[in-house]
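Please open the model in your viewer and keep the selection panel at hand. The stops below go from the whole chain to single residues.

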Amino acid sequence: MRRGVAAAALALLALAGCTAAPQVTLPPVATQTGYDPFRAAIRGAADAFAYPETLANRPREAAIAVAQLEYLATEMMMPRRSLNFSGIVAPSLQAARYEVRSWLGISQSAPPQAVIDALTANPLNLSDRAIFTAGPEETLRRLSHMPRLPQANAATAAARQELEFGLPDVDIR
């Protein structure tokens, strides 16, 4: 009996370790000096996905917006003591990351930090086919012509709304 309980406990610990979100960092190129990277990423990504036409023929800026979303989707899964968000923001950012990775041709299994590092490198490092399945030329073309991505727009707008104005005041009586 004890052996079974111990095995179950070890299995649960192993599963807990697998589900923990990896810690990621956002390079200074994707933030503004002196600002919290988390806040800077929310503002930058929200602006980019709300107005993708402003990024036409600006693949570097579009890549930074994608890196910011990648960072947010990972970081939002980590407990943050200073900022509170409603329970819908983190799953929305996860869905947004899935949408953006699908559009850009980024492997859904690519490690978040590897994606961030490749998209913020100077010059962009799009040659790793394990990450960028569409290849470097196609990925660059897509970054140069980012379409409206509704899930990314909605998720980053919700995060920005809550960052700027706090949690929604909802009365469900």
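On this tour, contact means heavy atoms within 4.5 Å. The model is predicted, and local features need pLDDT of at least 70, side-chain atom pairs count only at pLDDT 80 or more, while totals for chains, interfaces and linings use all residues. Residues are numbered from 1 along each chain as its sequence is written, and side-chain values use heavy atoms, with hydrogens and water left out.

**Whole chain**

Colour by secondary structure: the chain has 7 helices and 0 strands. Helices (H or I, at least four residues) and strands (E, at least two) are DSSP runs, numbered from the N terminus. Of the 173 residues in the chain, 40% are buried. Buried stands for under 20% relative accessible area, exposed for over 50% and partly exposed for what lies in between, with a 1.4 Å probe and protein chains only. Among contacts with a separation of 6 or more, 73% are between residues 24 or more positions apart.

**Phe38 and Phe85**

Select Phe38 and Phe85, which form the structure's 1 aromatic pair. The pair is edge-to-face, at 5.9 Å centre to centre with 70 degrees between the planes. Rings of Phe, Tyr and Trp (its six-membered ring) pair if their centres lie within 6.5 Å; planes under 30 degrees apart count as stacked, over 60 as edge-to-face and the rest as tilted. Phe38 belongs to helix H2 (residues 37-50) and Phe85 to the loop between helix H3 (59-75) and helix H4 (89-104), so the pair ties together parts 47 residues apart in sequence. Both Phe38 and Phe85 are buried.

**Ala159**

Next, select Ala159 in helix H7. Ala159 has a relative accessible area of 0% and is therefore buried. Apart from neighbours within four places in sequence, Ala159 is in contact with Ile42, Phe85 and Val89.

**H4 against H7**

Show H4 and helix H7 (residues 150-165), whose axes come within 8 Å and cross at roughly 150 degrees. H4 is therefore roughly antiparallel to H7. Axes are lines fitted to C-alpha atoms, for helices over the stretch in contact, and angles run from 0 to 180 degrees between N-to-C directions. Angles under 35 degrees count as roughly parallel, over 145 as roughly antiparallel, 65 to 115 as roughly perpendicular and the rest as oblique. Residues to display include Leu93, Ala96 and Val100 in H4, and Ala152, Ala155 and Ala159 in H7. The contact of H4 with H7 has 9 nonpolar, 3 polar and 2 charged residues. Here Ala, Val, Leu, Ile, Met, Phe, Trp, Tyr, Cys and Pro count as nonpolar, Asp, Glu, Lys and Arg as charged, and the others, Gly among them, as polar.

**H3 against H6**

Move to H3 and H6, where the axes come within 8 Å and cross at roughly 90 degrees. H3 is therefore roughly perpendicular to H6. Pro59, Ala62, Ala63 and Val66 in H3 meet Leu140, Leu143 and Ser144 in H6. This contact divides into 6 nonpolar, 1 polar and no charged residues.

**Two backbone stops**

Most residues other than glycine have a negative phi, and most peptide bonds are trans. Asn57, in the loop between H2 and H3, has a positive phi of about 60 degrees. Asn57 counts as exposed at 57% relative accessibility. Finally, select Asn122 and Pro123: the peptide bond from Asn122 to Pro123 is cis, with omega near 0 degrees. Pro123 sits in the loop between helix H5 (112-120) and helix H6 (136-144).
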